[in-house]
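Q: I would like to take a close look at a single part of this structure and at its surroundings. Please answer in one connected account.

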Amino acid sequence: MELCVALDLPSAEENLALAESLKSYNVWMKVGFRAYIRDGKPFIEALKAINPDFKIFLDLKLYDIPNTMADAAEEIAKIGVDMFNIHASAGAVAMRTVMERLAPYENRPLVLAVTALTSFDEANFQSIYEKSIDEKAEQFAKMSYENGLDGVVCSTFESRAIKNATSETFLTLCPGIRPFGEDAGDQQRVATLDLANKEGVDYPVVGRPIYKDSDPQSKVEEILKVITTF
């Protein structure tokens, strides 16, 4: 299990200050929509300048026609991030097209597919996808696995079933982690570190419980200490 810290603060300066405080730790940095739209490639470069060993997950959830997604994936690979994601809803052709485009890259980034956003509750999800979260997440995961992706983004509650349906080495990255039972905020399907471990989560994503803490560095130390016991 490897901790992924969500850089979701209101400004580049605040996010970089958080990254600076965590530069001595072996953690992933998640760069999302707001940060990347606002700060772009220079922000990625600034993170690497703080610590060249930071692993960076670019969380843009690509969803478009297959060729456009593949074009974007190739540009992401050129930036030098370590992981990015697409929407599983884009379908098998899009998945294959993205992976084929990335095949020539010797050190391509990991590619994950988003199954069901953790902000969905069951009723809202079914109103769109007409299936339960569990059923559709597993279906999306199988599609992703069969088309060469490295893993999926899902909630902790789907992680074990997805691995059982695909492979133990098929990665699960899970947002909505509240390490020690902190407030859920706008997330519907949140989980503790202990549950994430039991469900086989590879990358627990923690945002607000870290960056809203009065001492983010100590909170990360506390989380990493727990992870090392698993």
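Leaving aside neighbours within four places in sequence, with which residues is phenylalanine 84 in contact?

A: The model is a predicted one. Leaving aside its neighbours within four places in sequence, phenylalanine 84 is in contact with Phe57, Leu58, Leu62, Ala73, Ile76, Val98, Leu102, Pro109, Leu110, Val111 and Leu112. To place these contacts, one may begin with the strands.

Strand β4 covers residues 83–87 and is joined to β3 by 3 bridges, the two strands running parallel. Within this pairing, phenylalanine 84 of β4 stands opposite leucine 58, and Leu58 is also among the contacts of phenylalanine 84. Between the two strands comes helix α3 (residues 66–79); β3, helix α3 and β4 together make a right-handed β-α-β unit.

Strand β3 also pairs with strand β2 (residues 28–31), in the parallel sense and over 4 bridges. Here tryptophan 28 stands opposite lysine 55 in β3. A right-handed β-α-β unit is made by β2, α2 and β3. Of the 8 residues of β3, 6 are buried, so the strand is largely enclosed by the rest of the structure.

A closed barrel of 8 strands runs β1-β2-β3-β4-β5-β6-β7-β8, with parallel pairing. On average, neighbouring strands of this sheet are turned by 25 degrees against each other, direction ignored. Glycine 151 stands opposite leucine 171 in β7.

The next matter is the nonpolar interior. In soluble globular proteins, nonpolar side chains tend to be buried together. The largest nonpolar core in this model has 59 residues, of which Leu3, Val27, Met29, Val31, Phe84 and Ile86 touch the most other members. Helix α2 (residues 33–50) gives the most to this core, with 6 residues. Another core lies apart from it; this one has 12 residues, among them Cys4, Val114, Val153 and Leu171.

Isoleucine 44 lies in helix α2. With a relative accessible area of 2%, isoleucine 44 is buried, because buried means under 20%. Its contacts, leaving aside neighbours within four places in sequence, are Val31, Tyr36, Ile56, Ile79 and Val81. Isoleucine 44 and valine 31 are 13 residues apart in sequence, and their C-alpha atoms are 8.2 Å apart in space.

Finally, strand β3 (residues 55–62) contains lysine 61. UniProt, in an unreviewed entry, places the feature "active site" at Lys61.

Terms used
Residues numbered from 1 in each chain as written. Predicted model: local features only at pLDDT ≥ 70, side-chain atom pairs only at ≥ 80, totals over all residues. Heavy atoms only, no water. UniProt positions renumbered as here; feature names shortened; annotations may be inferred. Pairing = 2+ DSSP bridges. Axes fitted to C-alpha atoms, helices over the stretch in contact; angles between N-to-C directions. Core = buried A, V, L, I, M, F, W, Y, C linked by side-chain atoms within 4.5 Å. Buried < 20%, exposed > 50% of the residue type's maximum accessible area, 1.4 Å probe, protein only. Contact = heavy atoms within 4.5 Å. Right-handed = clockwise from strand over helix to strand, strands pointing away.
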